[in-house]
Amino acid sequence: MKPWIISFCCRYCGYAGADLAGVARIQYPPNILIVKVPCSGRVTPLHVLEAFKAGFDGVLIVGCHPGDCHFTSGNTLTEKRVKLFKKVLDEAGFNSCRVRLEWVSASEGRKFAEVVEEFTEELGKIPV
Amino acid sequence: MKVKIALEWLSGCEGCEVALLDSFNLLLGKIQRGEAEIVYAPLLLDVEDYDCADTTIVTGSIRTAADERRVKKAREKSGALIAFGSCACFGGIHGLADLADIGAVGEKTGRIPSETRLKEAVDPVWRVVKTDAAIPGCPPPRHMIDNFLENMLSPSTADHGKTVCDECLRRRSEDRKITGLRRDLTGVDDSRCLLDQGIPCIGFAVSSGCGALCPKVNYPCHGCMGFSEDIEGQDRGVARAVSALASILEPDVVEESLKDPVGFFMKFTYPSFKLRRKR
């Protein structure tokens with residue numbers, strides 16, 4: 001299935017949001033593999049790199065809105081890391097649009113579906 | 001039994017050969033005692049070809065089609081193949097030329113004869129043939145070369161558990177917060193950590209072994225020893241280093257502070273980075 005997306009969702013917001021999207025039967029592209037992580041702060045550039053090496057076309061990191069992190073600062077840590085890693089990837093000649101960081105709260109099932117849809121569409125436009 | 005040694009040099013600056021010659025007395029002793037023999041070394045002998053070697057020391061990276069052919073031949077003819085120096089181990093500094101268009105590289109170097117036609121990208125030795133051991137460094141530190149020549153075939157490689165910071169004597173602050181990075185080295189405090197002073201120093205992620213040579217003389221570490229990973233897993237080291245640096249930067253300066261991200265994180269290891277530019 002192309003494009004093949006891996007999504008790291010934080011347990012408290014992103015994963016709950018994805019769950020809500022499922023419970024509410026909101027349609028979104030099926031080409032996504034969701035991995036539940038304790039906090040978006042657990043996701044580091046190493047996970048992103050290994051995902052691309054494993055053959056995924058896109059990496060979607062979903063965390064709580066700024067200020068809402070269950071562990072107070074996990075999402076801001078991830079934001080800094082992803083920002084810097086995207087800059088490195090861009091300069092190294094790898095399209096950093098393939099990495100995406102989004103904030104989805106537990107009540108935003110609709111937003112999660114929209115993000116996946118939008119990301120799938122965007123990835124389709126980038127040549128492999 | 002005599003150990004047959006071959007020295008193969010690929011694209012590089014020949015600094016590694018000079019470093020090797022600095023420690024050559026050790027090898028000379030072995031040759032005089034009849035324990036070792038040099039069968040092929042373009043730098044030292046006028047020998048064009050050789051039958052076989054027990055150990056081949058490869059310096060430089062694979063830049064041209066000829067380099068690739070020669071390293072494959074060396075692999076066939078030798079028992080152990082040792083990547084010597086950062087270029088052979090990780091691809092080295094000239095891999096940064098891949099960031100530019102290959103046409104631009106050709107323009108700068110003039111007409112290139114077909115034999116030395118540039119490959120599409122610089123490759124470290126391990127991408128083309130299997131390496132048995134690696135001695136990183138630009139050039140490798142003296143004690144590592146001595147140790148290698150002393151023990152022949154059982155080189156001490158970089159210590160993956162430790163970083164340059166472990167060998168650096170500069171004083172580090174406990175709670176690190178970096179509000180900006182600068183490139184000029186004026187007004188450096190001799191005793192404080194360079195990174196704390198806002199000078200981009202990658203020693204925190206790089207294998208130890210050099211004795212923190214550069215930070216000792218107020219110069220930031222460039223990462224010539226490679227990341228604390230196998231030579232094939234250098235890109236993991238890059239990701240870890242990005243993660244570590246981003247964590248201590250203030251949120252609003254993350255994107256603007258580093259002017260040359262690839263030059264900082266992958267000065268020596270860009271050709272080993274799996275997500276590099278593809279042509």
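## A sheet in chain A

Strand β1 (residues 5-10) of chain A runs parallel to β2(A), and six bridges join the two. Helices (H or I, at least four residues) and strands (E, at least two) are DSSP runs numbered from the N terminus, and two strands pair if DSSP finds at least two bridges between them.

The open sheet has four strands in the order β2-β1-β3-β4 (chain A), paired in parallel. Because β2 and β4 (99-103) of chain A stand at the edges with a single partner strand each, one side of each has no neighbour in the sheet. From one strand to the next, the twist averages 20°; axes are lines fitted to C-alpha atoms (for helices, over the stretch in contact), with angles from 0 to 180 degrees between N-to-C directions.

## About the model

This is a predicted model, where local features need pLDDT of at least 70 and side-chain atom pairs count only at pLDDT 80 or more, while totals for chains, interfaces and linings use all residues. Residues are numbered from 1 along each chain as its sequence is written, with chains lettered from A and ligands numbered from 1 in the order in which they are written.

## Helices across the strands

α1(A) lies across β1, β2 and β3 (58-63) of chain A, at about 115° to β1(A). Helix α3 (residues 74-92) of chain A lies across β3 and β4 of chain A, at about 155° to β4(A). Here, two residues are in contact if their C-beta atoms, placed from the backbone, lie within 7 Å.
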